[in-house]
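Welcome! Please take a moment to look over the sequence and the 3D view, and then read on for a guided tour.

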Amino acid sequence: MGKKEEHANDPQEEQVLQNVLASMPVAVAWANAHTGKIEFINSKFTSMFGYKLEDLTNIHEWIEKCYLDPEQAKAIDEFWAKNLQGDQNTKHTIEDVELDIICKDNSIKTVLSGKILLPHHSGAL
C-alpha cells in the first residue's frame, strides 16, 4: 500500500478532518464517496437547514427531499451518479451554484453551494 493510501485511511487524520469540518462557520455535510451515505453533518448545517444526520441517509435522498428546483436537482444528482461511479483517483468539483433548499421546517433558503469529491479521503463534501 502506498504512503498516500495509508495516510488517507488513518483514523487520526479522519478525526482531525472531522473536527475541522465540525467547527467551520459554514454548513458542511460529508458523504462516503463510494456509497453516497451521508456520514457527517456539522452544527451549522443543522442550524441552517434543520436536518440532523439521522434525517438524511444518502446524497440522493438529500437531493430529492431538499432541492426546490427539479432541474438543479437533476444536474446535481447526475454529477454524483457519474462521479461516485467514475474515476476515484481524481478530484471532481462543481462550481458554486445558487440553490433554493427546502429546510426541515418547510421554509426555503437560498444558498451558494459547492460540491467536491475527495477520492483519497473516500469522501464528498
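Does glutamate 61 count as buried, partly exposed or exposed? With a relative accessibility of 23%, glutamate 61 counts as partly exposed, because the buried class ends under 20%. Please keep in mind throughout that this is a predicted model.

## The overall layout

Let us begin with the whole chain. The protein chain holds 5 helices and 5 strands. Following the sequence, these elements come in the pattern α-α-β-β-α-α-α-β-β-β.

Of the 125 residues in the protein chain, 35% are buried. The accessible surface comes to about 7,600 Å², and carbon and sulfur atoms supply 52% of that area. Among contacts with a separation of 6 or more, 42% are between residues 24 or more positions apart.

## A hairpin and a surface patch

Strand S1 covers residues 29-32 and strand S2 covers residues 38-41; the two pair in the antiparallel sense, over 3 bridges. Together S1 and S2 make a hairpin, with 5 residues between them. In the turn sits glycine 36, whose phi is positive at about 85°. Across the pairing, tryptophan 30 stands opposite phenylalanine 40 in S2.

Which residues form a nonpolar patch on the surface? They are Val16, Val20, Met24 and Val26, and together they have about 300 Å² of accessible area. One of them, valine 16, has its place in helix H2, which spans residues 11-23.

## An aromatic cluster

How many aromatic pairs does a search of the whole structure find? The search finds 5 aromatic pairs. One is formed by phenylalanine 45 and phenylalanine 49, and this pair is edge-to-face, with 5.0 Å from centre to centre and 65° between the planes. Both residues belong to helix H3 (residues 43-49), where they are 4 residues apart, about one turn of the helix. Phenylalanine 45 and phenylalanine 49 are both buried.

Phenylalanine 45 also pairs with tryptophan 62. Here the rings are tilted, with centres 5.2 Å apart and 50° between the planes. Phenylalanine 45 lies in helix H3 and tryptophan 62 in helix H4 (residues 59-66), so this pair ties together parts that are 17 residues apart in sequence. Phenylalanine 45 has a relative accessible area of 5%, and tryptophan 62 has 12%, so each of the two falls under the 20% limit for buried residues. Stepping back, ring pairs join Phe45, Phe49, Tyr51, Trp62 and Tyr67 into a cluster.

## Two salt bridges

Charged side chains come next. The whole structure contains 2 salt bridges, according to the search. In one, lysine 104 meets aspartate 55, and the closest N and O atoms are 3.1 Å apart. This pair links distant parts of the chain, 49 residues apart: lysine 104 is in the loop between S3 and S4, and aspartate 55 is in the loop between H3 and H4. Lysine 104 is partly exposed, with a relative accessible area of 46%, whereas aspartate 55 is buried, at 17%.

The side chains of glutamate 61, from our opening question, and lysine 65 also meet in a salt bridge, at 3.7 Å from N to O. Because these residues are 4 places apart in helix H4, about one helical turn separates them. Lysine 65 is partly exposed, with a relative accessible area of 36%.

Our last stop is strand S4, which runs over residues 108-118 and includes serine 113. Is serine 113 buried or exposed? Serine 113 counts as buried because its relative accessibility is 12%. Leaving aside residues up to four places away in sequence, serine 113 touches Glu95, Asp96, Val97 and Leu99.

Glycine 114 also lies in strand S4, and it is partly exposed, with a relative accessible area of 39%. Glycine 114 and threonine 93 are 21 residues apart in sequence, while their C-alpha atoms are 7.6 Å apart in space.

In the loop between strand S3 (92-102) and S4 you will find asparagine 106. Although asparagine 106 is not a glycine, its phi is positive, at about 70°. Asparagine 106 is exposed, with a relative accessible area of 62%.

Conventions. Residues numbered from 1 in each chain as written. Predicted model: local features only at pLDDT ≥ 70, side-chain atom pairs only at ≥ 80, totals over all residues. Heavy atoms only, no water. Pairing = 2+ DSSP bridges. Patch = residues over 30% accessible without salt bridge, like charges linked within 9 Å, V, L, I, M, F, W, Y side chains within 5 Å. Areas by Shrake-Rupley, 256 points an atom, 1.4 Å probe, with all protein chains shown as cover. Salt bridge = Lys/Arg side-chain N within 4 Å of Asp/Glu carboxyl O. Buried < 20%, exposed > 50% of the residue type's maximum accessible area, 1.4 Å probe, protein only. Contact = heavy atoms within 4.5 Å. Phe/Tyr/Trp six-rings, centres within 6.5 Å; stacked < 30°, edge-to-face > 60°.
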